Amino acid sequence: MDPGTGKGSPSEEGETSLNATRVDWLREAERIGRRLDLLGAISEGEGALNRPPFTRSLCRAMEETARWMEEAGLRPAVDAFGNLRGWGVRENQEPVLLIGSHLDTVPGGGRFDGALGILLGISAAEILQDRAGSLPFALDILAFQEEEGARFRSGCLGSRAFLGLLEEKDWNLEDSSGISLREAHDSFSIQGWPRMEPDPREKLLGYCEAHIEQGPQLEALGVPLGVALGIVAQERLLLSFLGEGGHAGCVPMSARRDALCAAAAFVAFVEEASRREPGAVATVGELHCLPGAVNVIPKRVDLSVDLRHPEEAALDRLSQALLERAEEIGRDRGIEVGWRRTQRLPPVRSDPDWQDRLSSVITTIQGKAPRLWSGAGHDAGVFGRLVPMVLLFVRCRGGVSHDPAELVSPSDTARALEALVGFVEGFLP
Ligand SMILES: [Zn+2]
């Protein structure tokens, strides 16, 4: 495949080989924008974008992405899980530098979350194609399934499967219709696709992911790009408050043991305590009140807490403060409080050397390279536990994500592509 297919100015200037310094970045970014529009229209049903894993829409998005991989000179193939991989030129068999992100979206999602990182990777591979022989590694592009965890309530299933980290119990995870991951996977047709399994002995150089920031920090700093220090530590708790029900009209206030009033005091404390701990975020996102009737005193409340902080020690401190306060509220109000920890993930740091490499490229492009923590999980976090990882953040308008209003400007996309290509070129001897 001619690496110059569909390209702009470099070949028009009579160059036979693409020189990254001569790439028309904005023109490339506009092509990425058209591809994002195309992918953004591939959705389950009408209306807002919804591309869950193991669906017809995901398969169609894979077909388009595979076509672009071929245009970029890559060989597309799927693994046993259903992740798509564009295999680059393998003049240097090992190690392999992986660039990737995810193709699935949340219901009502945006066009850029995940897809932008894959398309930037494909364009970067195409630009670097003519120098693939001089790169001291192979360069492959990955498009994962079920990063969001929106269907099976467990994130990064595709990247975990890619690295052989999926556990047997994960296959029993069910979606809201009771369909298990195993059933959804088995009914998803990957027949007709070229198959290629990751070789467990394959030596990986590391993993690089470009992703929208999903927050407002880069916009506030007035720059398009940033380097993620890593992905923050995370804890999830479930608490229950058990009081006494009764008639809303007949039980005097002094005699009540209202579970919701206790829970409300706790929720207020979650906000207060996390504001006191710099760098922390805490969210009570689910709250169920029983029996839940207008004229009945709440007997039981179950609620979830999601806590995140870059440092595990701070997360421990916050978590302990919340649980102590919950018990105190229970004692004061005659409410039985129960809790359990449902998730605990340590932070994952981007590789320090790779952070520096990416920072120096970004500094050349925009004068400075802010480093910020990712509050959201990414496939990069799965890789970062095993191999060097770096995460390039791209400014998104208003910090909005998981929403149809998600937007990255073409000029920011152009800079992200320039940074990604520059990062890979930095490894050239
Ligand atoms: Zn994402």
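Which helix and which strand each supply at least two residues of the lining of the largest cavity?

Reply: Helix H4 (115-128) and strand S4 (138-144) do: each gives at least two residues to that lining. Bear in mind that the model is predicted.

Start with the search itself. Over the whole structure, 2 cavities of 30 Å³ or more turn up.

Now the second largest cavity. Its volume is about 30 Å³. Asp79, Asn83, Arg85, Trp87, Leu142, Phe162, Met196 and Pro198 form the lining. Here the division is 5 nonpolar, 1 polar and 2 charged.

Next, the chain around these cavities. The secondary structure amounts to 12 helices and 14 strands. The radius of gyration is 24 Å, close to the 22 Å from the globule rule for 429 residues, so the chain is as compact as a globular protein of that length. Along the principal axes, the C-alpha atoms fill a box of roughly 90 × 50 × 40 Å.

Burial and contacts complete the picture. Of the 429 residues, 52% count as buried. Take the contacts between residues at least 6 apart in sequence: 77% of them join residues at least 24 apart.

Definitions and conventions
Residues numbered from 1 in each chain as written. Predicted model: local features only at pLDDT ≥ 70, side-chain atom pairs only at ≥ 80, totals over all residues. Heavy atoms only, no water. 1 Å grid on protein atoms, 1.4 Å probe; cavity = no way out; pocket = protein on both sides within 12 Å on 5 of 7 lines; lining within 4 Å. Points joined across faces, edges and corners; volume = space filled by probe spheres on them. Helix = DSSP H or I, 4+ residues; strand = E, 2+ residues; numbered from the N terminus. Nonpolar A, V, L, I, M, F, W, Y, C, P; charged D, E, K, R; others polar. Rg over C-alpha atoms; globule rule 2.2 N^0.38 Å. Buried < 20%, exposed > 50% of the residue type's maximum accessible area, 1.4 Å probe, protein only. Contact = heavy atoms within 4.5 Å.
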